Amino acid sequence: MSLPIAQDVMGKPSDMTRAKLDTLIDTLERRGDQALVQVFTAAETEKWSYRRVGEQVQALARGLRERIEPGEAVALLGTTRPEWIVAAFAVLRAGGVVTPLDTQLADDTLRHLLKDSGARWVFTTAEHRERVGAAAPEARIVLLDAGAENRNSWRALAGGAVALPENHADDPAALFYTSGTTGLPKGVPLSHRNLEFQLDVLARAEIALALDRVLLPLPLHHVYPFVVGLLTPISLNLTLVLPYALTGPQLVRAIREGEVTVVIGVPRLYAAMFEGIAARAAGGGRIAGATFQGLLRLSRTLRRNLGLRLGKKLLYPLHRQMGTQLRVLASGGAALDPDLNWNLESLGWQVAVGYGLTETAPLLTIAPPDRTRPGAVGQPVPGIELRIDRKAAAAKAITGNEGEIQVRGPNVFTGYRNRPEETREAFTPDGWFRTGDLGWLDEDDYLHITGRLSTLIVTEGGENIQPDDLEARYAAHPAVEEIGILQHEGRLAALVLPAKAIADEPERRVREAIGEIAAKLPSYQRLVDIVLTRKPLPRTRLGKIKRDELVQRFQEARAAGVEPQETAPLAPEEMAAEDRNLLELPAAHATWQWLAERYPKQGLTPDTHLQLELGVDSLEWLNLTMEIGQRTGIELNDEAIGRIETVRDLLREVLNAAGRRERLVDPLEDPERALNAARRRWLRPRGLLLRPLAIGLHALIRWLMHGLFRLRVFDRQRLPESGPLVLVCNHASYLDPFAVAAALPWSRLHALYWGGWTGV
């Protein structure tokens, strides 16, 4: 048979079956007022119903239909928000190709992707408008965060009487760019058929059930959150919950207040989540820490040996804080460590895992919550063929039953955009897609991933090493923050980021730590060459090390003997994913920009210690907080300052203070904004049933205050009979409000609003 060739997203369909996504989009507004998405802001939440989203999608799709060609790529560059979802569905329904792009792309990469995709239209936000304009001067920029009065707003495009097209199964639907662990990202076109196959698979897997509420903390430029976190819940008529930020308090807030039952996440998110829980338990004292660890071990033993799920009962206080309704943690995008899997299960949650690639849209295997097997990534999904090719493994002298994982099925793409040569290399002569991953199938057809063919290191002695596995062993030492392993001049080498806690003599202490770990490993797994770095290792948004950049960084540092101290502030695109996520929030971004201006030659990074490296003492803190307040409008109190050591701590405290500031807005200046929706309902006039009850309670209070407490009222005649009135208590007693109520006539009291601190 002929080899697959690269398909352009403008290609013509060969299958005239109508796309199911058309029907999904067309029925959104018929689902009524149920919330499609609940968005958390610093102050409160905002809900967009299915009807509202559906109406907006239809209007925008008609506007786009008159402006774009069938199969034309339309780029979306922005954080996850309702307007992004509306734009994506509108592009699909108008016959275009959704092209999600990472907001944290370097400028040169963004320029390449916009050119490679051929996008003439880019939906973005005001924050990224200038970057997009510089990267693609000819593109039409549409703002997702502008009002209808702005001619560049997405709302200004909506409307029109043109009929929407009928998409077909083999029409292109989305264009994703791979994370780029090696080289520039490659364009992966996916058809309506590819995406619809996944929706059917996930519906049958029953990871999410009716009435579930799904937390989506991941950016939508990757196929995993786009398909599993966005399309699937909406196809099942569920509600999506979007957190305000990816910090621990904000995630817990979204889970609790959003009544989340399912989380769509990645291993790094769950690792941080578990570490935070364990650290909080340990911070409660020796007894609390020991109790937590003991209950965790007991739950794990019962789960592994007897199949009993008692974590929610044994660790009920934890679930009461996090939200007792949380049920499932779905993990994808990278391998979930088996030990972390067991820990999450032992805490009382069900874990669902899967495996796939962008080229397979994405899932190839899946293990639903009731069928997980830690260490495996599930069984092949129905409808695809999966085989283990031993020839590719034998070529690298790999023995045993593992080989390259190869697949074919309706979810597999047809070829990379504009890269015919790489497309030919990606498929076998008989049409199977080469995943490039190594693995093996057990007796129950559970797939086990052992690494990547491309990253496999074969030592001079013929031993095979998967760097991911070895990195995990070395990174377990407290002195090692991050480590990237590579082969340099035939020897096993590593680039190491020391832990923040070892500021003194980091090189000596890291080498001692590496030696301590190496003593427990086979000789061929011991590192021969070590270079320290002061910057986080280059990673994709899903946490995978960018191997080509790792090699380059190591070589530069190795040639210099030691990596030179950076003088300019660290560029955001070089930061770890968690820090880049922090900078996407306006308050944190403004603070970082100001710090970069104030300390332009101190090699500023999120790990920079404010006192030890920048010399911020008590007097300097006064200037620092005043200038941050002037720049951002945010004030830091002494308690917050006491928690700050590094720049990262400062950014987090600014973010938390921003949230508090939004919540504690001056009620005299903006009373509506000072109250959330639940509290505003108390401002409504009393109904027919409550009015008699209020009169009765007022009579009871008057009797108690005048009779029992001998209340005496003077100068009541000085109160105006109508018009505005403010009464201020002297806080001499918690009974002040009752005394005021008893002193006022009903004509005044029934129209009086009360303000106070609910914390009492």
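Author: Let us begin with contact, which means heavy atoms within 4.5 Å. This is a predicted model, in which local features need pLDDT of at least 70 and side-chain atom pairs count only at pLDDT 80 or more, while totals for chains, interfaces and linings use all residues. Residues are numbered from 1 along each chain as its sequence is written, and side-chain values use heavy atoms, with hydrogens and water left out.

Reader: Which residues does glutamine 525 touch, not counting residues up to four places away in sequence?

Author: Glutamine 525 touches Ile465, Leu470, Tyr474 and Leu492. Its place is in the loop between helix H18 (506-518) and strand E24 (529-532), where helices (H or I, at least four residues) and strands (E, at least two) are DSSP runs numbered from the N terminus.

Reader: Why does glutamine 525 count as buried?

Author: Buried means under 20% relative accessible area, exposed over 50%, and partly exposed in between, with a 1.4 Å probe and protein chains only. Glutamine 525 has 17% relative accessibility, and therefore counts as buried.

Reader: What makes leucine 105 count as buried, and where is its place in the chain?

Author: Its relative accessibility is 16%, so leucine 105 counts as buried by that cut-off. Leucine 105 sits in the loop between strand E4 (97-101) and helix H4 (107-117), and it touches Leu110, Leu113 and Arg131, not counting residues up to four places away in sequence. Leucine 105 and proline 572 are 467 residues apart in sequence, yet 9.7 Å apart in space, C-alpha to C-alpha.

Reader: Why is leucine 704 called partly exposed?

Author: Leucine 704 has a relative accessible area of 31%, which lies between the cut-offs for buried and exposed, and so it is partly exposed. Leucine 704 lies in helix H27, and helix H27 (residues 690-708) gives the largest share of a nonpolar patch, seven residues.

Reader: What makes that a patch, and which residues form it?

Author: Patches are made of residues with over 30% relative accessible area and no salt bridge, like charges being joined within 9 Å and nonpolar side chains (Val, Leu, Ile, Met, Phe, Trp, Tyr) within 5 Å. A salt bridge is a side-chain nitrogen of Lys or Arg within 4 Å of a carboxyl oxygen of Asp or Glu. Among the residues of this surface patch are Leu690, Trp703, Leu704, Phe709 and Phe738, and the patch has about 1,000 Å² of accessible area together, by the Shrake-Rupley method with a 1.4 Å probe, only the protein chains shown counting as cover for residues.

Reader: What makes a set of residues a nonpolar core, and how many residues has the largest?

Author: A nonpolar core is a set of buried Ala, Val, Leu, Ile, Met, Phe, Trp, Tyr and Cys residues joined through side-chain atoms within 4.5 Å. The largest has 148 residues, and those with the most contacts inside it include Leu60, Phe89 and Trp349. Helix H3 (residues 82-93) gives the most to this core, with nine residues. Apart from it lies another core, of 21 residues, among them Ala479 and Ile514.

Reader: How do you know that helix H14 is mostly covered?

Author: In helix H14 (residues 338-346), seven of its nine residues are buried, and these pack against elements including helix H10 (267-283) and strand E13 (350-356).

Reader: Where does pLDDT stay under 50?

Author: It does so over residues 1-13, pLDDT being the predictor's confidence in each residue, from 0 to 100. Where pLDDT is low, the predicted coordinates should not be read in detail. The chain averages a pLDDT of 84, and 88% of the residues score at least 70.
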